[in-house]
Amino acid sequence: MMKFAPVALAAALALAGCAQAQRPAASTPAAVSAPAAEAPATAGVAADDNLNAVAWSQRASEHDFIYVQTFRNAQEKILKAKQDPNWDALPRDDRAVHPSLKGLKPAVILDIDETVLDNSPYQARLIRSGGEFNEAAWADWCREAAARALPGAVEFTRFAADHGVAVFYVSNRAKDLDEATLANLRSAGFPVAGKASFLGLGTFVEGCEQAGSEKSCRRQLVAKNYRVLMQFGDQIGDFTSIPGNNEEGRTRAMAPYTAWIGERWFVLPNPTYGSWEPALFDNDYDLPRAERRQKKIDALRIK
């Protein structure tokens, strides 16, 4: 998703999940539909709530600049973090399983979707077809391995790898999409050390029970052998576990770590989908579409 010349971007930087069985995982697109012919404009058809969000993600230079500044900021800090033997970016509960940092190799953890790879074309397909979430169609998109790199992500991850920092992609794409995902990452220019670089939903972690789409077990797997310098994502769940996906629970999850934002945790924008959205309608996807939409409208602040 590049809206300015590659040469200009290179000069500016100098560095540089699939869904759960029936509902989308927190860090994968909330809905994807199979490609379809564009629906004709018809008077009286309700506007699509996601149109502006996807258009902004694809066409606004401001979107790209946020990614550029985020990855640039991280690159400027990563070597200092590497040199500090006490520096670690894992939430306390995940690090507590493997508490000693002594002798651990440095690593960074990045989410994939809307963090390093751009899936907005499939949100665009959703808008054009008028459909809602379809797990099979999302898996088909992943297997196309056609997602573009987001601005700054390749340069940052290459810089990290070139300086001896292992790069892990912890995603809620299903584990059986590993080959397609790794192929997509490689073709987009990302450093991939091997299959273990991708920790998808369903990755087995001995002694840790997976809770839904939470990434805690996979973070603990990395923690066994690595000191995590930084984490990157577009969802709270990319960084820490959420005790309850509502306003209170989301606030409580992040409260101990707000000082880490922009230092150890780097949060990227995603207005098109995420756990923030179902939190507005009590996480109840069984509600009719119109009722979910009304609950989101009711949640708007007008003062």
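Predicted model: local features only at pLDDT ≥ 70, side-chain atom pairs only at ≥ 80, totals over all residues.
Ground rules first. Local features need pLDDT of at least 70, side-chain atom pairs count only at pLDDT 80 or more, and totals for chains, interfaces and linings use all residues. Numbering starts from 1 along each chain as its sequence is written, and side-chain values use heavy atoms, with hydrogens and water left out.

Start with helix α10, residues 247-254. Helices here are DSSP runs of H or I, at least four residues; strands are runs of E, at least two; both are numbered from the N terminus. Which residues of α10 are buried? They are G249, R250, A253 and M254. Buried means under 20% relative accessible area, exposed means over 50%, and partly exposed lies in between, with a 1.4 Å probe and protein chains only. What do the buried residues of α10 pack against? The partner is β7, residues 265-267, with contact meaning heavy atoms within 4.5 Å.

Next, the largest cavity. Its volume is about 80 Å³. A cavity is a set of points on a 1 Å grid over the protein atoms alone, where a 1.4 Å probe fits but cannot get out; lining residues have an atom within 4 Å of a point. The volume is the space filled by probe spheres set on the points, which are joined across faces, edges and corners. Fifteen residues line the largest cavity, and S57, H63, E114, N270 and T272 are the closest to its centre. α3 (61-83) and α5 (120-129) each give the lining at least two residues. By class, the lining has six nonpolar, seven polar and two charged residues. Nonpolar is Ala, Val, Leu, Ile, Met, Phe, Trp, Tyr, Cys and Pro; charged is Asp, Glu, Lys and Arg; the others, Gly among them, are polar.

Last, the loops. Most residues other than glycine have a negative phi. A145 is not a glycine, yet its phi is positive, about 55°. A145 lies in the loop between α6 (135-144) and β3 (148-149). D282 also has a positive phi, near 60°. D282 is in the loop between β7 and α11 (289-298). D282 is exposed, at 56% relative accessibility.

G274 is in the loop between β7 and α11. Buried or exposed? G274 is buried, at 8%. G274 and Q235 are 39 residues apart in sequence, but 6.6 Å apart in space, C-alpha to C-alpha.

Methods:
1 Å grid on protein atoms, 1.4 Å probe; cavity = no way out; pocket = protein on both sides within 12 Å on 5 of 7 lines; lining within 4 Å.
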